[in-house]
Amino acid sequence: MTTISYRPEVQRARTLRQRLDLDRLDYLRELRRLAAIMSQTELALQLGVKQPTIHSALRTAAKVVEPVPGFSGASPYEIAQRYATGELTRAQLVDELGRWAYPSEAPTDGFDSLLVSASGSFDEVGRALSEGLIDGAIYDAILDRAADSSQ
(Lines give C-alpha, C1' and ligand atoms only; values in the text may rest on other atoms or scores of the structure.)
Protein backbone atom coordinates (compact mmCIF):
# COMPACT_ATOMS: atom_id res chain seq x y z
CA MET A 1 0.00 0.00 0.00
CA THR A 2 1.46 3.34 -1.04
CA THR A 3 1.07 6.27 1.32
CA ILE A 4 1.10 9.74 -0.18
CA SER A 5 3.58 12.16 1.36
CA TYR A 6 1.95 15.53 2.08
CA ARG A 7 3.70 18.82 2.68
CA PRO A 8 3.32 19.90 6.34
CA GLU A 9 2.09 23.38 5.42
CA VAL A 10 -0.90 21.80 3.64
CA GLN A 11 -2.10 19.87 6.70
CA ARG A 12 -4.52 22.58 7.91
CA ALA A 13 -6.20 22.71 4.49
CA ARG A 14 -6.39 18.89 4.39
CA THR A 15 -8.05 18.83 7.83
CA LEU A 16 -10.49 21.56 6.81
CA ARG A 17 -11.39 19.63 3.64
CA GLN A 18 -12.17 16.53 5.74
CA ARG A 19 -14.12 18.70 8.19
CA LEU A 20 -16.13 20.16 5.29
CA ASP A 21 -17.10 16.66 4.10
CA LEU A 22 -18.13 15.64 7.62
CA ASP A 23 -20.02 18.85 8.29
CA ARG A 24 -22.03 18.28 5.10
CA LEU A 25 -22.90 14.72 6.19
CA ASP A 26 -23.88 15.93 9.66
CA TYR A 27 -25.94 18.80 8.21
CA LEU A 28 -27.84 16.52 5.84
CA ARG A 29 -28.51 13.99 8.60
CA GLU A 30 -29.75 16.78 10.87
CA LEU A 31 -31.99 18.20 8.13
CA ARG A 32 -33.53 14.78 7.64
CA ARG A 33 -34.16 14.51 11.39
CA LEU A 34 -35.73 17.99 11.54
CA ALA A 35 -37.89 17.38 8.47
CA ALA A 36 -39.55 14.55 10.37
CA ILE A 37 -40.81 16.99 13.01
CA MET A 38 -41.45 20.20 11.04
CA SER A 39 -42.50 21.31 7.58
CA GLN A 40 -40.01 22.23 4.89
CA THR A 41 -41.41 25.77 4.91
CA GLU A 42 -40.89 26.14 8.66
CA LEU A 43 -37.44 24.58 8.43
CA ALA A 44 -36.46 26.96 5.64
CA LEU A 45 -37.70 29.93 7.66
CA GLN A 46 -35.82 28.79 10.77
CA LEU A 47 -32.60 28.28 8.79
CA GLY A 48 -32.92 31.46 6.75
CA VAL A 49 -33.03 29.77 3.36
CA LYS A 50 -35.65 29.26 0.67
CA GLN A 51 -37.95 26.24 0.80
CA PRO A 52 -36.67 24.87 -2.56
CA THR A 53 -33.18 24.82 -1.01
CA ILE A 54 -34.49 22.62 1.81
CA HIS A 55 -36.37 20.41 -0.66
CA SER A 56 -33.21 19.87 -2.71
CA ALA A 57 -31.07 19.23 0.36
CA LEU A 58 -33.58 16.67 1.65
CA ARG A 59 -33.43 14.79 -1.67
CA THR A 60 -29.67 14.56 -1.17
CA ALA A 61 -30.09 13.73 2.53
CA ALA A 62 -32.29 10.75 1.64
CA LYS A 63 -29.19 9.10 0.14
CA VAL A 64 -26.96 9.71 3.18
CA VAL A 65 -26.47 6.63 5.33
CA GLU A 66 -26.83 6.98 9.10
CA PRO A 67 -23.90 6.07 11.35
CA VAL A 68 -23.85 2.43 12.41
CA PRO A 69 -25.15 2.12 16.00
CA GLY A 70 -22.19 2.02 18.39
CA PHE A 71 -19.89 3.67 15.85
CA SER A 72 -18.98 7.27 14.98
CA GLY A 73 -19.77 6.94 11.29
CA ALA A 74 -21.50 5.05 8.54
CA SER A 75 -18.27 3.63 7.13
CA PRO A 76 -14.68 2.92 8.14
CA TYR A 77 -13.56 5.85 5.99
CA GLU A 78 -15.96 8.28 7.73
CA ILE A 79 -14.68 7.09 11.11
CA ALA A 80 -11.09 7.70 9.94
CA GLN A 81 -12.11 11.18 8.76
CA ARG A 82 -13.54 11.92 12.20
CA TYR A 83 -10.23 10.82 13.76
CA ALA A 84 -8.21 12.97 11.33
CA THR A 85 -10.26 16.06 12.26
CA GLY A 86 -9.80 15.49 15.98
CA GLU A 87 -13.29 14.21 16.79
CA LEU A 88 -11.99 10.83 17.94
CA THR A 89 -8.98 9.74 19.95
CA ARG A 90 -6.58 7.14 18.63
CA ALA A 91 -8.03 4.63 21.12
CA GLN A 92 -11.59 5.29 19.92
CA LEU A 93 -10.54 4.92 16.28
CA VAL A 94 -8.70 1.64 16.87
CA ASP A 95 -11.60 0.33 18.96
CA GLU A 96 -14.27 1.18 16.38
CA LEU A 97 -12.35 0.03 13.31
CA GLY A 98 -11.16 -3.05 15.16
CA ARG A 99 -14.80 -3.99 15.92
CA TRP A 100 -16.22 -3.08 12.49
CA ALA A 101 -17.99 -5.98 10.75
CA TYR A 102 -16.03 -5.97 7.50
CA PRO A 103 -17.53 -7.99 4.61
CA SER A 104 -15.66 -11.27 4.23
CA GLU A 105 -15.14 -11.02 0.47
CA ALA A 106 -15.46 -8.35 -2.14
CA PRO A 107 -18.18 -9.02 -4.72
CA THR A 108 -17.57 -9.05 -8.45
CA ASP A 109 -19.25 -6.55 -10.73
CA GLY A 110 -21.44 -9.34 -12.08
CA PHE A 111 -19.88 -9.36 -15.53
CA ASP A 112 -16.33 -10.53 -14.99
CA SER A 113 -13.99 -11.53 -12.21
CA LEU A 114 -12.85 -8.00 -11.37
CA LEU A 115 -13.48 -7.32 -7.71
CA VAL A 116 -15.54 -4.34 -6.65
CA SER A 117 -14.69 -2.79 -3.31
CA ALA A 118 -17.72 -3.31 -1.07
CA SER A 119 -18.99 -0.44 1.06
CA GLY A 120 -17.71 -0.87 4.59
CA SER A 121 -14.82 -3.10 3.52
CA PHE A 122 -11.31 -3.03 4.93
CA ASP A 123 -10.31 -1.33 1.66
CA GLU A 124 -11.66 1.89 3.24
CA VAL A 125 -9.09 1.58 6.04
CA GLY A 126 -6.42 1.14 3.36
CA ARG A 127 -7.73 4.24 1.60
CA ALA A 128 -7.55 6.19 4.88
CA LEU A 129 -3.93 5.07 5.25
CA SER A 130 -2.98 5.97 1.68
CA GLU A 131 -4.64 9.39 2.01
CA GLY A 132 -2.87 10.15 5.28
CA LEU A 133 -5.92 10.09 7.56
CA ILE A 134 -4.23 7.41 9.66
CA ASP A 135 -0.62 6.24 9.90
CA GLY A 136 0.97 2.82 9.57
CA ALA A 137 1.06 2.20 13.33
CA ILE A 138 -2.68 2.84 13.59
CA TYR A 139 -3.33 0.62 10.56
CA ASP A 140 -1.38 -2.20 12.23
CA ALA A 141 -3.23 -1.66 15.54
CA ILE A 142 -6.57 -1.89 13.70
CA LEU A 143 -5.45 -5.10 11.98
CA ASP A 144 -4.40 -6.57 15.34
CA ARG A 145 -7.66 -5.55 17.01
CA ALA A 146 -9.75 -6.90 14.12
CA ALA A 147 -7.84 -10.21 14.25
CA ASP A 148 -8.42 -10.46 18.03
CA SER A 149 -12.14 -9.71 17.54
CA SER A 150 -12.58 -12.43 14.93
CA GLN A 151 -11.17 -15.19 17.14
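**Architecture, cores and salt bridges of an all-helical model**

The protein chain exposes about 9,300 Å², of which carbon and sulfur atoms supply 56%. The model is a predicted one. Its protein chain contains 7 helices and 0 strands, and the order of elements from the N terminus is accordingly α-α-α-α-α-α-α. Of the 151 residues in the protein chain, 33% are buried. Among contacts with a separation of 6 or more, 57% are made by residues 24 or more positions apart.

In soluble globular proteins, nonpolar side chains tend to be buried together. In the present model, the largest nonpolar core has 19 residues, and I79, L97, V125, I134 and I142 are those with the most contacts inside it. Two or more residues are given to this core by each of α4 (76-84), α5, α6 and α7 (136-150). Helix α7 provides the largest share, with 4 residues. The surroundings of I134 illustrate the packing: beyond residues up to four places away in sequence, I134 touches A80, Y83, L93, V125, A128, L129, Y139 and I142. Apart from this core lies another, of 11 residues, which includes L34, I54, A57 and L58.

Helix α7 also contains I138. This residue is buried, its relative accessible area being 2%. When neighbours within four places in sequence are left aside, I138 is in contact with Y83, R90, L93 and V94.

S121 is located in the loop between α5 (90-99) and α6 (123-130). Its relative accessible area is 8%, so S121 falls under the 20% limit for a buried residue. Not counting residues up to four places away in sequence, S121 touches P76, Y102 and P103.

Helix α3 (residues 51-61) has I54, A57, L58 and A61 as its buried residues. Viewed down the axis of α3, these residues fall within an arc of 100° and therefore line one face of the helix. The cover over the buried residues of α3 includes α1 (11-35) and α2. Helix α2 comprises residues 40-47 and contains L47. With a relative accessibility of 41%, L47 is partly exposed. Together with Y27 and V49, L47 forms a nonpolar patch on the surface, the accessible area of the three amounting to about 240 Å².

Side chains of opposite charge can pair when their charged atoms come close. Over the whole structure, 14 salt bridges are found. One of them joins the side chains of R7 and E9, with an N to O distance of 2.4 Å; R7 and E9 are both exposed.

A second example involves R29 and D26, whose closest N and O atoms are 3.9 Å apart. The two residues are 3 positions apart in helix α1, and about one helical turn therefore separates them. R29 is buried, with a relative accessible area of 8%, whereas D26 is partly exposed at 31% relative accessibility.

A further salt bridge links the side chains of R32 and E66, at 2.3 Å from N to O. Because R32 lies in helix α1 and E66 in the loop between α3 and α4, this pair ties together parts that are 34 residues apart in sequence. R32 is partly exposed, with a relative accessible area of 24%; E66 is likewise partly exposed, with a value of 42%. Elsewhere, salt bridges with shared partners connect R19, D23, D26, R29, E78, R82 and E87 into one network.

Terms used. Residues are numbered from 1 along each chain as its sequence is written. This is a predicted model: local features need pLDDT of at least 70, side-chain atom pairs count only at pLDDT 80 or more; totals for chains, interfaces and linings use all residues. Side-chain values use heavy atoms; hydrogens and water are left out. Buried means under 20% relative accessible area, exposed over 50%, partly exposed in between (1.4 Å probe, protein chains only). Contact means heavy atoms within 4.5 Å. Accessible areas come from the Shrake-Rupley method with a 1.4 Å probe; for residues, only the protein chains shown count as cover. A nonpolar core is a set of buried Ala, Val, Leu, Ile, Met, Phe, Trp, Tyr and Cys residues joined through side-chain atoms within 4.5 Å. Patches are made of residues with over 30% relative accessible area and no salt bridge: like charges are joined within 9 Å, nonpolar side chains (Val, Leu, Ile, Met, Phe, Trp, Tyr) within 5 Å. A salt bridge is a side-chain nitrogen of Lys or Arg within 4 Å of a carboxyl oxygen of Asp or Glu. The arc is that of the directions from the helix axis to the C-beta atoms.
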